[in-house]
Structures are given as structure tokens and as C-alpha cells.
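Here's a friendly walk through the model shown below.

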Amino acid sequence: MTAGYDPETAPRLGDLANCFEGVVPAVIATASADGTPNVTYLSRVRMVDDERIAVSNQFFSKTSRNLAENPRASVLLVDPTTYDQFRLTIVYERTERRGPLFEQLRSDVDAIAALTGMENVFKLRAADVYRVLHIEAIPLETRTSPAPGDVERRARGAATVQLAELSARLSRCPDLDTLVSTALDGLADLLGYEHSMLLLLDETGKRLYTLASRGYDAEGVGSEVVVGEGLTGMVAARGAAMRLGSLRQMGKYSRAVRRTFEEHGHVGPGHEVPVPGLAGADSQVAVPAMVLGQLVGVLVVESTEPVAFDETDEALLTVVAGIIASAVEIDFAQERAEAAEPSTTSTARPPVTGNDARLVRFFPVDGSVFVDTDYLIKGVAGRILWSLLRQYTNDGRDEFTNKEVRLDPTLELPEFRDNLESRLILLKRRLDERGAPVRIEKSGRGRFRLVVSAPLRLEVSSPPEP
Amino acid sequence: MISPETAAHLESGCSLIVGTVGPDGEPHATRSWGLRVLPDEPSRVRVLLDASDAPILEDLARSGAIAVTGTDVPTLRSVQLKGRAISFEPATDADEDRALQFCDQLITAINATDGTPRHLIERLVPRRYIACVIAVDTLFDQTPGPRAGAPLPAQVQ
């Protein structure tokens with residue numbers, strides 16, 4: 001035990017919460033039975049309780065072999081908000097290969113692996129649990145003191161009151177489109193989450209598509225994430241929230257591991273998984289939007305600051321995501337109920353004409369739609385747009401009901417759950433975002449209007465021969 | 001024994017972490033603030049340690065066993081050397097200059113790669129150094145991944 005160690009004044013493990021966010025890599029020193037030390041970085045350390053920490057074990061490393069011979073180890077931790085440094089004397093206690101602690105660390109490691117598409121290669125083997133014998137704050141003979149607010153956390157002092165206000169605003173929204181905008185605006189205005197996005201699960205249950213975002217250079221509406229891939233995809237697959245406070249560090253580590261695997265032929269050359277998100281994000285929280293035990297979507301918030309979010313953020317966002325999920329389900333139920341009612345036919349109007357027609361091209365193979373040479377949208381939303389435009393140019397129709405769209409056989413919408421309303425919102429937002437010569441306006445419950453601002457020339461295209 | 005390439009890596013502004021072990025088998029972790037491969041003795045290195053880190057200095061004085069891992073900040077390419085401390089002395093002016101240069105390179109690399117403000121990282125830097133000469137026995141590739149801990153090719157002789 002270190003001379004001068006006073007258990008009364010020594011830091012407690014609970015005081016070191018920031019150190020476990022992985023922003024500054026932890027260091028571990030072990031020693032073999034013959035007294036040869038080994039020193040390396042740890043990929044992930046977690047606090048288990050007031051007396052224990054857990055370390056991720058992905059490889060049967062020298063550290064593991066040393067601990068089998070000599071259970072004592074020394075760990076260096078740094079608080080990323082102050083750069084206060086701590087040395088922990090620890091002793092190996094046990095290894096877990098299942099259970100909540102293992103799952104927690106596995107989630108951490110999977111998140112690292114997901115950054116470079118190595119979910120199937122880079123996996124947690126075990127969670128090694130250590131008892132902390134003592135903690136030494138390494139004196140800092142500093143040149144400078146940390147400035148207050150080096151890492152600013154948003155002021156969320158009255159979070160409960162603000163959450164209640166957001167809930168009240170959401171409860172007053174007349175439709176899903178308004179609710180989605182109100183939710184993301186409220187997250188920023190009331191709770192300080194400046195960068196957020198909402199993704200919904202598609203009809204197949206295999207992909208998420210971005211319905212709305214706030215605080216990004218490009219709105220990214222319509223961008224997709226495969227369920228199970230990346231942090232957002234993993235949250236969808238597991239139905240559990242995930243929080244990362246050191247994306248840059250994790251990305252660096254993940255790339256280094258991937259390079260090593262590639263150099264030794266374990267995996268082929270790859271690239272980082274492109275996901276919609278904030279450039280330079282260092283912190284991210286993603287929570288599942290669930291209702292009645294079913295996943296509806298994922299709510300994501302991001303920050304360029306490290307360790308920007310904590311458990312409180314997870315809790316707040318989970319509540320908001322739940323409200324959104326409920327609203328989506330209520331909207332869906334209303335749509336289905338109204339689908340049983342008779343629809344009215346709309347009046348035909350002459351299409352916009354003129355010499356400078358915009359070329360709208362449709363690729364049936366994937367439902368993608370281009371205006372002139374610019375990609376607009378694809379998939380279900382693309383097929384909906386194409387169907388509407390055909391009716392507009394052929395019949396002069398510009399008023400539609402959700403019901404008739406739902407019954408359009410060319411769209412091949414699934415009978416059980418078609419997500420039509422959210423697809424129409426996605427289409428509306430995408431058309432607005434891209435400044436397209438056609439827009440969608442809601443004209444009543446279950447009704448909408450196509451507003452065309454330029455003459456259109458429609459063309460069905462085939463993909464070029466390979 | 002230490003190849004020019006490895007020497008260049010260790011002498012750059014890479015992050016240096018140190019493990020020592022006392023006679024009772026208890027290890028200690030710390031950081032180093034500069035490393036130089038001795039020009040006339042390429043199997044020996046001179047590392048700079050925090051002069052106020054009593055447990056480390058005690059370990060080195062009593063058992064001498066030491067491991068140092070140098071990690072390139074942007075790529076995490078890492079090399080670990082293991083050996084024995086054979087001498088200590090207060091840091092010379094040349095050591096102080098080397099530490100200053102090392103810290104500047106390291107802090108610049110961390111700041112550029114991770115965005116951490118320089119003044120925060122500078123809080124880790126000790127005020128006084130002690131220089132320790134290590135006779136290096138073995139070198140390992142310590143880059144994160146399945147090969148971490150493998151002897152460096154130059155060592156397989």
C-alpha cells in the first residue's frame with residue numbers, strides 16, 4: 001500500500017464516473033509470476049459497484065495470462081473533463097461470460113466494432129471483474145488549472161418541468177408531421193439537444209429510415225440504416241438504449257483493430273460504415289421508440305463534445321421516444337379506421353404547362369426518382385411519388401386520399417403494416433428539403449394535395465447494363 | 001537490437017505508458033515523458049519519468065523490471081519494450097529539452113486527433129523528471145488487435 005494513503009480522504013470509485021466513459025484510454029499494468037511487467041491500454045472499463053470495476057477482454061492477451069499467474073494489477077484512469085489522473089490498485093476477482101454485466105460490456109465492444117463494420121469479427125470474450133483495493137489521486141504539479149466548463153453539459157436543472165412542457169406540446173399536435181417537428185424542436189428549445197434525428201422502422205422491419213432531423217447541415221431525410229448495423233441499428237436490433245461519450249477515441253481504436261485484422265487476413269479490406277449523423281460527433285445517445293413491446297423507431301441525439309450525455313439524458317429521451325412511438329401508433333390506428341370509410345373523388349385540374357419542362361425519371365428496379373439529374377427519393381416513398389405524378393399528368397388530379405394511395409396495387413404496400421402516413425411525411429419533407437418542383441400539402445385528415453410549380457415530363461428508365 | 005524504424009517510433013511524440021513491479025509482485029502503471037535510444041548502445045534507452053512518482057521509483061530501485069509501451073496517437077500503432085532499469089539520475093538540461101519537445105509533439109497530436117484542449121492535457125505533465133536507463137531485452141507489437149503481444153520480427157533471431 002502506498003505510503004501516506006488515507007482511506008478517509010482517498011477518492012472513491014463513485015467519484016470517478018467520468019473516467020469510465022472511455023474518452024481517455026485507461027492503462028493497465030500487470031506482472032507475470034517471474035516479475036516481468038506488461039503495460040497496455042484497455043479498450044473498455046466499467047464501474048460495477050462501489051468496490052469493483054470490469055474490463056473487457058476480447059483477445060487472450062498477455063494481460064490475461066499474467067493475471068492467471070498474478071491477480072494484482074494497476075490501472076491509470078483520467079477524468080476527461082479535468083484531466084485529473086488516478087491510479088487504482090486492483091485484484092482480479094472473477095470472469096463473467098453471461099449476465100447483465102457481460103451484456104453491458106458486450107454492448108460497448110459491439111459499438112466499437114460497429115464503427116468499422118466488424119460486428120462479426122471483433123467480439124467480447126469475457127468481462128473480467130476486479131476488486132479495487134485503493135485509489136490514488138496522482139498529484140498534478142500543474143502549469144494551469146482546468147477552466148470551469150471545459151466540457152459543458154447542457155443545463156437541464158428543471159428537466160422534469162421541461163419534459164412536462166414538451167409532453168404538453170406534443171399532446172396538442174394535430175397530426176404526425178407536426179408532432180415530429182414539435183418533438184425535435186422541443187428537444188432543442190427545452191432540453192438543449194441541438195442535434196437530433198428520428199428514424200422509423202420500415203415495412204420489412206429490416207431498415208430504419210430518417211423521418212426528420214434537426215441541427216444538421218443537410219437534413220438527411222430518407223437516409224437509411226440497416227437494423228443491427230452501427231449504433232442506431234444496434235439499438236433497433238436490441239430494443240435497448242445505448243450511450244457513447246468518446247466516438248472519436250472509439251473510432252480510432254476500431255480502425256486500429258480493423259487494420260490489424262486486415263493485415264493478417266482475418267477480414268477483407270473494408271471501410272467505415274456510413275451512417276447519417278453529425279460531422280465530428282463525439283457523444284451520441286440512441287434510444288428505441290417502442291410501444292406495446294414493439295419497436296417503432298429510434299431517436300438519436302449527438303454532440304461534438306465528449307461525455308456530453310449521461311443516464312439522465314438516456315431517461316429523458318426514452319420518455320420522449322415513447323411519446324413519439326405512441327403517437328405513431330395512434331396515427332396508424334386512425335389511418336386504418338379511416339381506410340374503411342368511403343373516399344371522395346377529387347376534381348380534375350389541368351396540369352401546369354410550359355416550355356421548360358422538368359424531367360422526372362423513375363427507376364422501377366428500386367423505386368428511385370430523379371428530377372433532371374438530381375436524386376430525389378427511392379423505395380416506397382419513390383413509388384408513391386411516381387404514382388401521384390402519373391395521375392397528375394394523365395388525369396389532371398392533384399387531390400388524393402391516404403386510402404386510395406394505400407389501395408394502389410402498383411405500390412405493393414404490405415397489408416398488415418404499411419407505414420403510409422410516415423412515408424408521406426418523409427416524402428413531403430424530402431420534396432421540401434430538395435426544393436423539388438412538386439410539393440405535398442395536407443388538405444385534411446387523411447387527405448393531401450399535390451402542388452406542382454413547373455411543367456413536368458415523366459420518363460421510366462432502366463438501369464444501365466452492367 | 002532496436003531497429004531504426006522502431007527507434008523513430010518510440011522517439012516520436014507517441015504516448016508512452018510504463019509498467020513496473022515491486023519485489024512483492026505488485027505492479028504499478030505510470031507515464032513516461034520522453035524516450036531516446038542511446039546512440040552508441042542500441043539495446044538501451046533513456047526514459048524520463050515523473051520524479052515525484054514514489055511507487056514507480058521504489059519499484060525500479062528494488063526490482064528494476066520495467067515495460068514501456070509507445071503508441072502513435074492517430075493510428076494506435078504500438079510497440080512495447082521490456083527490460084531492466086540499470087541507472088537513474090536527475091534529468092539533465094538535454095533531458096528537459098527533450099521532454100519539452102516530446103510533450104509538445106504529444107499534446108499537438110492528441111489535440112489534432114481527439115480535439116482535447118491543450119491546457120487540459122498539459123495538466124498531466126510533471127514538473128520534474130528523473131532519467132532512467134533501461135537495458136532492453138525484448139520488443140513486442142502492442143497494436144490493438146489479435147496480434148497484440150507478438151514479438152516484433154526483429155526479435156525473432
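## A core to start from

A nonpolar core is a set of buried Ala, Val, Leu, Ile, Met, Phe, Trp, Tyr and Cys residues joined through C-beta atoms within 7 Å. Buried, here, means that 20 or more other C-beta atoms lie within 10 Å of a residue's own; 12 or fewer makes it exposed, anything in between is partly exposed, and C-beta atoms are placed from the backbone. With that in hand, the largest nonpolar core has 170 residues, and those with the most contacts inside it are Val27(A), Val75(A), Leu299(A) and Ile324(A). The largest share of this core comes from α7(A), with eight residues. Nonpolar side chains tend to be buried together in soluble globular proteins.

What does Leu299(A) touch, leaving aside its neighbours within four places in sequence? Its contacts are Leu198(A), Val287(A), Ala289(A), Leu317(A), Val320(A), Ala321(A) and Ile324(A). A contact means that two residues have their C-beta atoms, placed from the backbone, within 7 Å.

## What you're looking at

This is a predicted model, where local features need pLDDT of at least 70 and side-chain atom pairs count only at pLDDT 80 or more, while totals for chains, interfaces and linings use all residues. Residues are numbered from 1 along each chain as its sequence is written, and chains are lettered from A and ligands numbered from 1 in the order in which they are written.

Chain A has 10 helices and 20 strands. These are DSSP runs numbered from the N terminus: H or I over at least four residues for helices, E over at least two for strands. Of its 466 residues, 44% count as buried. Among contacts in chain A with a separation of 6 or more, 69% come from residues 24 or more positions apart.

## Domains of chain A

Chain A is split into domain 1 (13-137), domain 2 (160-266 + 279-338) and domain 3 (358-460), with bounds from an automatic or database domain assignment. The centres of domain 2 and domain 3 of chain A, taken over C-alpha atoms, are 26 Å apart. Their contact takes 18 residues from domain 2 of chain A and 20 residues from domain 3 of chain A.

On the domain 2 side, the elements giving two or more residues are α4 (176-189), β9 and α7 (311-339) of chain A. α7(A) gives the most, with five residues. By class, that side has nine nonpolar, one polar and eight charged residues. For these classes, Ala, Val, Leu, Ile, Met, Phe, Trp, Tyr, Cys and Pro count as nonpolar, Asp, Glu, Lys and Arg as charged, and the others, Gly among them, as polar.

## An enclosed strand

Is strand β8 (residues 195-201) of chain A enclosed or open? Seven of its seven residues are buried, so β8(A) is largely enclosed by the rest of the structure. His195(A), Met197(A), Leu199(A) and Leu201(A) point one way, while Ser196(A), Leu198(A) and Leu200(A) point the other.

β8(A) pairs antiparallel with strand β13 (residues 294-303) of chain A over six bridges; pairing takes at least two bridges found by DSSP. In β13(A), Val301(A) is the bridge partner of Ser196(A). Six bridges also join β8(A) to strand β9 (residues 207-214) of chain A, again antiparallel, with Met197(A) opposite Ser213(A). The hairpin of β8(A) and β9(A) has five residues between the strands, and there Gly205(A) takes a positive phi near 75°.

## Helix α6 and the meeting of chains

The 17 residues of helix α6 (residues 247-263) of chain A should span 24 Å at 1.5 Å a residue, and its end C-alpha atoms are 24 Å apart, which agrees. The expected span is 1.5 Å times one less than the number of residues. Its buried residues, including Leu247(A), Met250(A) and Phe261(A), pack against α2 (100-114), β11 (242-244) and β12 (283-291) of chain A together with α3 (93-114) of chain B.

Between the chains, 45 residues of chain A are in contact with 43 residues of chain B. α6(A) gives the most to the chain A side, with eight residues. That side divides into 20 nonpolar, 17 polar and eight charged residues.

Most residues other than glycine have a negative phi. Asp372(A) has a positive phi near 55°, and it is exposed, with 10 other C-beta atoms within 10 Å. Leu76(B) has a positive phi of about 65°, but this residue is buried, with 25 other C-beta atoms within 10 Å.
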